[in-house]
Amino acid sequence: MADPTQWVKHVELYVNSSSTAAQQEASVDAIANLLKNDLLTLEALVREMEMYLTTTDSIIRSRGILLLAELLTQLRSKRLNDASIESLIGFFTERLADWKALRGAIVGCLSLLRRKSHVGVVTDDKVKAVVQSYLQNLQVQSLGQHDRKLCFQLMECLLDRYPAAVRDLGDNLIYGICEAIDGERDPQCLMLSFRIVEILAGLFPGPSGPLADFAGDLFGILGCYFPIHFTHPKEEDVDVKREELSRALMLTYASTPLFAPFSIPLLLEKLSSSLPLTKVESFKYLSYCTSKYGVDRMAEHFETLWSSVKDATYVSPQTNLSTEVGFMSEMGFQDSDIMKQAFVLLQELVQQSNGSFISLILDDEDIKIFMNSLNQYEDFDNIPIDIRQRLHAVGRIISVCVNTSIASCNKVFESFFPLLMTYLGLSVAEPHENSCLAEDYNPPGRLNFGALYLCVEVLSACRYLVGSDELTPIPDFANQTWCVMLHNVSKSLATVFVSLLRSNVAENSQNAYICYGVKGLQNLAMFPGSLLAVSKSTYDSILLKLMSVVTSDINKTFLWTLAMNALVEIGSFLDKCPDSERLSSYESIVVEKIFSLISSDDLTMPVSLKLQAAFEIGATGINFMLRVVEGLDEAISATLSAVYAHGNRKSVEPTIKLLEYYSNKVLPWFHKSGGSEEIPLNFALSIWDKIENNRSFNLDSLENELLDATMMAMKQAVGSCSEGSQEKIINKALGVLLSSNCLEWMKSISGNTQSEVEGLQQIHKLDSFAIRDEWITSLIASIVIALCPQTYIQNGKFILQFFITTLLNGHVPSAQALGSLVNKLPLKITGTPLSKNLCLDEAVDMIFHSCIWTSYNGSTYERGSSEIDLSSLRLCSLSPESDKIHATIGLAWIGKGLLMRGHEKVKDITMTLLNCMISDGDRGSLPNSKHPSLVCNDEDLHHQLMKSAADAFHIIMSDSESCLNKRYHATIRPLYKQRFSNTVMPILSTLMLKYDSPSIRSMLCRAIAYVVSDTPLTAILSEAKKLIPLLLDCLSMMVEDITNKEIIYSVLLVISGILVDKNGQDAVAENAHSIVNQLIELTTYPHMMVIRETAVQCLVAVSELPHTRIYPLRTQVLRAMLKALDDPKWVVRQEAVRCRQAWASIASRSLHF
């Protein structure tokens, strides 16, 4: 057992009024740990604390009781014996009368009452004693917010966990609860209050129970809170949201039918409010109460409820014209929140009433008059807006009635459907079983738009009704009245819809008739075949018509889009609700036609539209997409054959579009939907089969876009495959490479690495790649870029040497592949060692001992050295000088791969790049003997080499879309950019101080700009004081060269980020004068508008600096803004006005300067 001196001090510290909250919390934790570990018993603790629990000093007594309660809270999972629980609950029950120690008493009761049965619980007798003490002693509304919240939590716990013990208290309990919650205004306490009433309603559900006597009084308290609104300045200042509180009150209103005589009249009265929120809440509450109270209690209010719904939706509808183009959604109207909730209430009433409520709607004189007057509104363009709103409202009302139940649907059809068909010139008396749709059908006169709209809305509602889970098991669905009537007229109705799509009708690109013609055909085609509502012949005719629009009416964009969307919806419906007969029709009419379109050489339909149609149709189901992919594969194979073998340049553009769609749409769709990896695997292998079978390519260098598209598709395909499939692809590619013309020497190589190197050097002696060889090399690089780190690569050493050599021809994908290799190779080879296997250390050694690298004197840069010595690390003396440029790019990508995985060799690459940048200082002055007309002289090439070395830092630091990213499974170590920046920036800063040569300093500035621009801002802010002067020097040096405009903009964004961040304010203030001078210079930068705009915005941010720092600069800035006000771009002038206002506000009122 613990020595009392070890824990008594914690008790004394807790009860000490001068202790902080943190000290009190630590004391509780310390004592609780002793109790949990049985180093201290609860009985011993209570004995030692007796004087703190019973003292006459109210402060010490309240703290002592609260300490005991807090300890019990922490011991809620520790078993206590029944005697201890009985003694403790008795003590806390008595202390409920001690108002000065009330908080501790409530917390103690809660701690004991919330205990689980397996650790000891309070008996019902003791629970009843707690409730009686609560009702007798607690005046809840006289307490503070926190204590009231505790009181409500205690009552909620009593009602929720011990209903049997509290039920006997009856009237006293209900009266006490009414007294406790009356007048409560705090949101958190109200949430608990509403919950208490909800539980209380479940405790006394009977119509003759205690709650029935108090229902009026209790609802009188609750009714004052409707509707819920906050008086707080900001809703986010409180923990409880208005919506949460409103829902809690709604649940309370609906918790018992005993509230119905009071809640329904109140809610109906609130519907007359002029406040939109009150109306929305009233409809919402009425809907929920209707579902809980039952039809018997709501029946007496049916007429009033219908009148309220009709007034909100039909008499005084509140709709807005949709901003979206087209009429496919609710005739261009958007329902207000009031209307939405009114329709929810309408649906609930129709569903609950078993037919009695719908009679009110169908017999309503206003609705009848409107339906009978539809012949007055035949032409859509001549229908006034208010009549359109009523038409929309009637359509919504009828739709709600139809999709609620079969009985209500039958009643609507019997009442209104024959009338609508009459307006459309049809009859529902007899079925029409023509074999196909009458394409030459002409409606008599202008088709009645009102009837057309309502007919389509009814069809949509019927389709929703059929799709309802509750209704589908009904066996005689097809024999229902509505289904029989629809079957009789479906053929003729489809003919009417088709007539609206003909060219002489579809003149207006946004014609409402077209919209509802297509929507009507779509609805008819989406009824299950088992209902017999629409025959198979009608279904097939609808699909044929929609497909004819897709294939023929490509110039009618609006109609084409509607037809395409309709076919997609039909396909999605078949995927969700399979129907073998309908599915067969859809595949033969739609999918096969799309398949033939992809493979067709017919140019009347653009390739882009063919691909869009193919993908959208295919995306409706996996089986459809597989068929579409088959067509795409055939089309790609055919066009590639035409390009490779015959040099058909007309096939290049279609092939590029096919490959791009495959990469950007099809492969990501399969990856997202979890489809088989056979698709990307077969695609990649088919490309290699095509290359293998075509030994000569009739292409020229103008087809680079085709190569780029093929590479992207290859990367996407390989990246989507598993390691096993990737091994198949890389092995296939290696087989093609080894059989290519330029590697015939490989057949005689026995595996000696030196021979391989010599052969590869022979490749480099070629002036350039053959076209086929370039394709092979590029596509192998694409494969390597997209491989997973776990994928095994055969002949890895050969591949590495191959890429090292090909990058010297300026082949950038080879450099990217090298970077990907060193990023993903395993550190060590596991299993049986093979001579041609490759691990990371071997790869790095091969690179650092290759023909592009040499280390003089065996020395390398050491991170901790105080002297910067770059003379020992160089690129080797490649000839010509352009090879060094290619090698520099290769080292950049290799360095990026190493940096991302955190390999230490990246520092050697970094130092080599730095050596290239400052090598101008070792060259001395070049002779001017060469003729100035020679563009590619040694000086120009060396300058390009220095620039390439500086640009390498952009490659290393920037995020690449083409390789070394998550999509292509790169190994990415967290914070790699920050670590590189922290390493290289001190070196670059030192070199800036060391060298005076303008050419060297310009390259160092370029490298600094790249590093800083791609470093996360949070890392920049910590070094802002050092970096700002450096960045300003960079801007001043780069501003003269027009090619630096993108870099200038990147640096300017970094400075902008520092300016607007609070953590950078000190650094900015110290350099305010220099910053302002540089920004003013950039406000007139002629080569890029966004630089001028950003510079002015930065000056606005500078105006927020301390007054003493910027006041001397005000005149200079205001003069600069006078010039900016004459900028040719409006955006810059607008920012200049803002800037002038900001700086003028800190200057004197007189602007004479």
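Predicted model: local features only at pLDDT ≥ 70, side-chain atom pairs only at ≥ 80, totals over all residues.
Biologist: What makes H14 largely enclosed by the rest of the structure?

Modeller: Buried means under 20% relative accessible area. In H14, 9 of the 12 residues are buried, so the helix is largely enclosed. Among them are Arg242, Leu245, Met250 and Tyr253.

Biologist: Which helices do those buried residues pack against?

Modeller: They pack against H12, H13, H15 and H16.

Biologist: Why are Asp168 and Lys128 called a salt bridge?

Modeller: The cut-off is a side-chain nitrogen within 4 Å of a carboxyl oxygen. For Asp168 and Lys128 the closest N and O atoms are 3.6 Å apart, so the pair qualifies. Asp168 sits in the loop between H10 and H11 and Lys128 in H8, so the pair ties together parts that are 40 residues apart in sequence.

Biologist: Is Asp168 buried or exposed?

Modeller: Exposed, because its relative accessibility is 60% and the cut-off is over 50%. Lys128, at 26%, counts as partly exposed.

Biologist: And what makes Asp364 and Lys310 a salt bridge?

Modeller: Their closest N and O atoms are 3.1 Å apart, and the limit is 4 Å. This pair links distant parts of the chain, with Asp364 in the loop between H20 and H21 and Lys310 in H18, 54 residues apart.

Biologist: How do you know whether Asp364 and Lys310 are buried or exposed?

Modeller: Asp364 has a relative accessible area of 10% and Lys310 has 12%. Buried means under 20%, so both count as buried.

Note on methods. Residues numbered from 1 in each chain as written. Heavy atoms only, no water. Buried < 20%, exposed > 50% of the residue type's maximum accessible area, 1.4 Å probe, protein only. Helix = DSSP H or I, 4+ residues; strand = E, 2+ residues; numbered from the N terminus. Contact = heavy atoms within 4.5 Å.
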